[in-house]
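This briefing covers selected local features of one structure, grouped by topic. Please consult the sequence and the model shown below while reading.

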Amino acid sequence: MELSRRTVLTTAASAAALYTAPMTTARAAEQTPAAVVRTLRSAADYAIGKLRAVAPDVTAFPVGTKSEKWVYAQNGDWVGGFWPGTLWMAWLHSGDDTFRTLAIDSARKLAPRQNDTSTHDLGFLFYPSWVTAWRLTGDDTWRTGAVRAADSLSRRYNPTGRFIRAWGPLNDPANAGRIIMDTMMNLDLLAFATEQTGDAKYLDIATAHASTAQRVFPRPDGSTPHVYDFDPATGAPIGPGTVQGYSPTSCWARGQAWGIYGFTTIHRRTGDDQFLATARRLADYALGALSPDHVPVWDYRAPQQPNDVKDASAGAIMACGLLDLSAATGRPEYQQAALRLLTALAETCLTRNSARAEAVVARCTRNRPAEDGIEISLPYADYYLLEGILRVLRPHDVDRAIDLSGPKRGHRGRGAPDRAERSERRRASRT
């Protein structure tokens, strides 16, 4: 890896004093129109009510819905972190300790996955569950497990091609040179491991992968493919592809949203302005491709768009990324666009009209080319909707949960809150 520990420290130090995302976001929240605040608070309250009714009977990990009822995976599949993450967000909004207990119980079930080297999705699995649990409880068991998961993720790094392999066991040649846009969202687990251990190798890997993704994914207009392939032995580029998008030349909406959020996050961890510029390119394309209802179609370049099936999960993810991007750039237009997205989801994509629905967000599409999960509910839609709403209504609470800070001067960053801080945060969350 070319990026040394000294480079990481120097780059981070140069930007640390300039980055005050939680405070910037808090100021933006104060300026949010009252009608929008009411809409978002109503949506969050609806989500809390739904979770109160459903969560006590959930014993595994929701992966999607069938006939409006959750379908479960015992090991969490790739989405297991989102259920405890959603419960943590519910706790932050409501102050109801039932959600805290359920979040901890759910997260514990992911423990066997710490040593899973067969997937790149360790960030999805462990950041919203174990990292958040550590930050909100201070129990070092969660921190230790998250770092162990980062170790497992780091083993998927190909130093020749400077990328993290997306799919397949390490000893399986199939897909050995394949990277996907989704991986951008798994990199923050590596940044967390560097912050906690002082070992630069994790952030070096994350930064190297992000640099490779930045080089091969964005097209001149800011759109992106889902997949890019390399020769795993030489690192030579082969070209773009897709699995969940319409074609290698299309733009899968959820992948674009992963990119907006992921490139902004890696900018926050490194201070590298090129990553921020990439996030802006992707955001500007997606905002230009949105239909007037502000709910993304599943692929911005599918032949039937803008009159195609929707993916509300892409809208929720994108809204979180845009709020982050607004804080990082100081540009209010991204905040305003995020509020339009969240408002549209709150007004047109919730399951309010169905008494049998177990999820919060409807109109999501999992894998359109495979005809798998067309306009259903998905656990990450519920999670990112609540994260986005709380970024507006309770930015400091979200900061405590997932760390919205910028680059740090050293690798030992802000730790878990002490008992007094936790007590004060819990008291504030009930007001």
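Which side chain is joined to that of Arg178 by a polar contact? The partner is Asp229, at 2.8 Å; a polar contact is a pair of N or O atoms within 3.5 Å, where within protein one must be able to donate a hydrogen and the other to accept it, and residues adjacent in sequence count only if both atoms are side-chain atoms. The model is predicted, so local features need pLDDT of at least 70 and side-chain atom pairs count only at pLDDT 80 or more, while totals for chains, interfaces and linings use all residues. Residues are numbered from 1 along each chain as its sequence is written, and side-chain values use heavy atoms, with hydrogens and water left out.

- Arg178 lies in strand 5 (residues 178–180); strands (E, at least two residues) and helices (H or I, at least four) are DSSP runs numbered from the N terminus.
- Arg178 is buried, with a relative accessible area of 17%; buried means under 20%, exposed over 50% and partly exposed in between (1.4 Å probe, protein chains only).
- Not counting residues up to four places away in sequence, Arg178 touches Ile164, Arg165, Ala166, Trp167, Val227, Tyr228, Asp229 and Val243, where contact means heavy atoms within 4.5 Å.

- Three strands form an open sheet in the order 5-6-7, with antiparallel pairing; two strands pair if DSSP finds at least two bridges between them.
- Strand 5 and strand 7 (237–241) stand at the edges with a single partner strand each, so one side of each has no neighbour in the sheet.
- From one strand to the next, the twist averages 20°; angles run from 0 to 180 degrees between N-to-C directions, and axes are lines fitted to C-alpha atoms, for helices over the stretch in contact.
- Strand 5 and strand 6 (residues 227–230) run antiparallel and are joined by three bridges, and Ile179 stands opposite Tyr228 in strand 6.
- Helix 9 (residues 201–216) packs on the sheet, touching strand 5 and strand 6, and its direction makes about 105° with that of strand 6.

**Salt bridges**

- Side chains of opposite charge can pair when their charged atoms come close.
- The count comes to 20 salt bridges, each being a side-chain nitrogen of Lys or Arg within 4 Å of a carboxyl oxygen of Asp or Glu.
- Arg143 and Asp140 form a salt bridge at 3.9 Å, N to O; they are three residues apart in helix 7 (residues 140–154) and therefore separated by about one helical turn.
- Arg143 is buried at 16% relative accessible area, whereas Asp140 is partly exposed at 39%.
- Asp403 and Arg269 meet in a salt bridge at 3.6 Å, N to O.
- This pair links distant parts of the chain, 134 residues apart: Asp403 is in the loop between helix 15 (395–402) and helix 16 (419–429), and Arg269 is in helix 10 (residues 253–270).
- Both Asp403 and Arg269 are buried.
- In the salt bridge of Arg366 with Asp372, the closest N and O atoms are 3.0 Å apart.

**Helix 14 and helix 15**

- The axes of helix 14 (residues 379–393) and helix 15 come within 6 Å and cross at roughly 130°.
- Helix 14 is therefore oblique to helix 15; angles under 35 degrees count as roughly parallel, over 145 as roughly antiparallel, 65 to 115 as roughly perpendicular and the rest as oblique.
- Tyr383, Glu387, Leu390, Arg391, Val392 and Leu393 in helix 14 meet Pro395, Val398 and Ile402 in helix 15.
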